[in-house]
Structures are given as C-alpha cells and as structure tokens.
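Please examine the sequence and the three-dimensional structure shown here. The paragraphs that follow proceed from the ligand and its surroundings to some details of the backbone.

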Amino acid sequence: MKVLLSEKQIQQRVGTLARKISKDFSGREVLLIGILKGAFIFMADLARKMTPPVKMDFVRVASYGSETQSSGKIKFTKDLETPLRGKDALIVEDIIDSGITLKHLYQRLKARKPRSLKVVTLLDKPGRRQVNFQADYVGFQIENHFVVGYGLDCAEEYRNLRAIYVLK
Ligand code: PRP
C-alpha cells in the first residue's frame, strides 16, 4: 500500500473545509447526514471542527438495478430518523465515484423539503463519473486509484487507518 494522503494532509484539509462550511452556515443549526459506512470517520472529524451547532443523522443506501447505468436506483436500508423539512442539511460523503449514489440520494432528500441541502465529499474521482453530479465542497480530487483508509474499505478492512492509501 502506498500513502496517497497523509494523516496531516487530511486533517489540514478537513479543517479548511470545516472553516468554510462553518462560515457558510453561520448563525444556523446544521443537520449533518452521514452516508454509512464510509463517511463516519470524516464526519466525526468534520463535526468536531465546525463552529455552528450541529446535529447528526445517518443513512445507509444500497444500489439496485445495474450499477453501471445511470438508471441504477437506490433504496434506503437505513433511513434518517430526523424529519428534514425546514432544516439546513449537509450530506457528508467519503467519496464520489460514478456519482450514482449521491445523485439519487440528493433527489430523494431534496423532495422532503429541507430549507437547504448541500453536499461535502472528502474525495472526488471526476474521471469515474457516469452521471452529472457536483458536490458543493470537495476535499481532494483524485485519480482513478482504488483507495482505502479513513473510513474507506476493501472487503471491510482498513477503515480505521488514519491516512488514505492506494491499494496496489
Ligand atoms: C461508496 C462510497 C459512496 C459510493 C460512491 O460506498 O462511500 O457512498 O460508494 O460511489 P458512486 O459515486 O459510484 O455511487 P460503498 O457502496 O462502498 O459503501 P460503504 O460506504 O459502506 O463502504
């Protein structure tokens, strides 16, 4: 395994994202919506670096249909426990790859009429996009490597590593 992003690089970037997001949401309470499982470590660090009051909830989604088609849909295997209507919400994701998960999730959550709905992703692989989706806040744009660590797994291993590695 080769280090792609060190613990220090990640923590600095998460701090920068937290400051920007805190400024944008200044004076408002933010509902952080983590996408399980990969986002839980990023969300824990981001939340602790933010200054506005924060509440947290999680979703877990599964893709069905063909995952390689833009028509691939998602279903909630764990839905929010918080009503979204009228809230200022921020979806927290670890990585955007094809874009299918977030495109569908964003539409489903938007339909619940939050006051605002934004997206932060730690990693973005624009070269893998199959559907058009852009996050509002991006930590790092990366090449098409298979990456693990800091929440990201390979067959459930490596999520607890403090850095992000390319798996060879
Ligand atoms: C990963 C990642 C995103 C999704 C991105 O989750 O956390 O949710 O895939 O892919 P997409 O842009 O192609 O839709 P994964 O299904 O590996 O689940 P996990 O977070 O539980 O590891």
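Where does the ligand sit? The ligand is placed in the largest pocket, where sitting in a pocket requires that more than half of the molecule's atoms lie within 2 Å of the pocket's grid points. This is a predicted model, in which local features need pLDDT of at least 70 and side-chain atom pairs count only at pLDDT 80 or more, while totals for chains, interfaces and linings use all residues. Residues are numbered from 1 along each chain as its sequence is written, and side-chain values use heavy atoms, with hydrogens and water left out.

The largest pocket has a volume of about 890 Å³. On a 1 Å grid over the protein atoms alone, a pocket is an open set of points with protein on both sides within 12 Å along at least five of seven lines, and its lining residues have an atom within 4 Å of a point. Its volume is the space filled by probe spheres set on the points, which are joined across faces, edges and corners. Of the 30 lining residues, E93, D94, I95, D97 and T101 are the closest to the centre of the largest pocket. Two or more lining residues come from each of β2 (30-36), β3 (54-64), β5 (88-96) and α3 (100-110); these elements are DSSP runs, helices (H or I) of at least four residues and strands (E) of at least two, numbered from the N terminus. By class, the lining of the largest pocket comprises 11 nonpolar, 8 polar and 11 charged residues.

Around the ligand itself there are 15 residues, of which E93, D94, S98, G99 and T101 are the closest; a residue is counted if one of its heavy atoms lies within 4 Å of the molecule. β5 gives the largest share of this shell, 4 residues, and both β5 and α3 supply at least two. The shell divides into 4 nonpolar, 4 polar and 7 charged residues.

Most residues other than glycine have a negative phi, and most peptide bonds are trans. L36 and K37, however, are joined by a cis peptide bond with omega of about 0°, and K37 lies in the loop between β2 and α2 (40-49). K113, not a glycine, has a positive phi of about 65°.

Key
1 Å grid on protein atoms, 1.4 Å probe; cavity = no way out; pocket = protein on both sides within 12 Å on 5 of 7 lines; lining within 4 Å. Nonpolar A, V, L, I, M, F, W, Y, C, P; charged D, E, K, R; others polar.
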